[in-house]
Amino acid sequence: MVLTLFSSLVVPTRFLFSLLQCSSCRRTMVNKLWCQEAARKWFYKKDQSLHSRLLSEPKCQKHVATWYLLYRWLIFMAWACIVVCSIFEFGSYKPMVVYDKWPIYLTNWDLILGVSQALLGGFLVLRRWKLQKVSDFDPSALMLGLIDRVYWFLYVVTTSIAFGVTITYWCSIFDPRIHYLDPLNIMLHICNSILMIIDFCITSIPFRLRNFWWCLIIVFLYTMFSLIYYFAGGVDKNGYHYIYKILDWKKPVQASLICVGEGIFITILHSLMCFLEKVKDRLYLKIDKKLGRPYAETHMSSVEKHADIV
């Protein structure tokens, strides 16, 4: 009786064990395939030929019109004017004229990034504008060169850093007792983000989630600079032994947390820009469909097929 019962239980038990083992193997295989697919999408370098055209043409057109060429150089002039006003403190209610302290502030690092990407953008658009005058010119044959890569890097970094500077300044640094709401302050901490918002709405430059570390490079470099500057005895414009009050290395734990928090915040901003780019693509697609322009669909497919590069 007991042996019969035991033998009747062994068969279902072996069956269940085999079923569980197969299920586990299948789950492991699925997870492995999923990880391989994710890694392939993350690291695999696809055809990069169309990326160059995305860096030099507006979102609404597949060619470079004269208005877009003028627009690119107007953006550069706007950045250049802000840099000049920042250095010589034009528009400040209380200029201090301390030129040697200008490079120590993250705001001014953002200005250098902004004017650099605007200059490269103007150059690329001008080159594209000249090339398309040739009768047999094919924009899809453009190659992604070093200047294109540098411009893409600077543009993506400037966008996130500009928003980070603006939000951080008005939320954590601005003190009405010592800071003035003057034209210079508005140019440095509001107009920088406005320029990038306008550019984001008009350009076709892609944002990729995996490139979040580009922005973290700037955060890391500035953190190292502020730390070295502190140990070298550097002071700010007012003679205090720090660059920003919230980044005072006399309080290393607080300063370290601020740097880590800023890195996380910049990463969130970059992720938000990636999401907004998808929204922008769909919005332009809907507008083009309403206007009966077939270019939007081909443009969207080109972006999806060729824009995933590291």
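The model is predicted, so local features need pLDDT of at least 70 and side-chain atom pairs count only at pLDDT 80 or more, while totals for chains, interfaces and linings use all residues. Residues are numbered from 1 along each chain as its sequence is written, and side-chain values use heavy atoms, with hydrogens and water left out.

Let's start with Leu-69, which sits in helix H3, spanning residues 66–88. Helices here are DSSP runs of H or I with at least four residues, strands are runs of E with at least two, and both are numbered from the N terminus. Leu-69 counts as buried because its relative accessibility is 9%; buried means under 20% relative accessible area, exposed over 50%, and partly exposed in between (1.4 Å probe, protein chains only). Leaving aside residues up to four places away in sequence, Leu-69 touches Val-125, Leu-126 and Trp-129, where contact means heavy atoms within 4.5 Å. Gly-121 is 52 residues from Leu-69 along the chain, and their C-alpha atoms are 9.6 Å apart.

Lys-280 is placed over the face of Phe-200 in turn, at 4.3 Å from the ring centre. For this, NZ of Lys or CZ of Arg must be within 6 Å of the ring centre and within 35 degrees of the ring normal.

**Aromatic pairs**

The structure holds 22 aromatic pairs. Rings of Phe, Tyr and Trp (its six-membered ring) pair if their centres lie within 6.5 Å; planes under 30 degrees apart count as stacked, over 60 as edge-to-face and the rest as tilted. Two of the pairs are listed here.

| Pair | Centre to centre | Angle between planes | Type |
|---|---|---|---|
| Tyr-230 and Phe-231 | 5.3 Å | 70° | edge-to-face |
| Tyr-240 and Tyr-242 | 5.6 Å | 5° | stacked |

Tyr-230 is buried at 16% relative accessible area, whereas Phe-231 is exposed at 65%. Tyr-240 is partly exposed at 46%, and Tyr-242 is buried at 16%. Elsewhere, Trp-109, Tyr-222, Phe-225 and Tyr-229 form one aromatic cluster.

**Annotated segments**

An unreviewed UniProt entry gives the annotation "transmembrane region" to several stretches, including residues 69–91, 111–129 and 212–232. Such annotations, with feature names shortened and positions in the numbering used here, may be inferred rather than shown by experiment. Residues 111–129 are 100% helix and 0% strand, with end C-alpha atoms 27 Å apart. Residues 212–232 are 95% helix and 0% strand, with end C-alpha atoms 31 Å apart.
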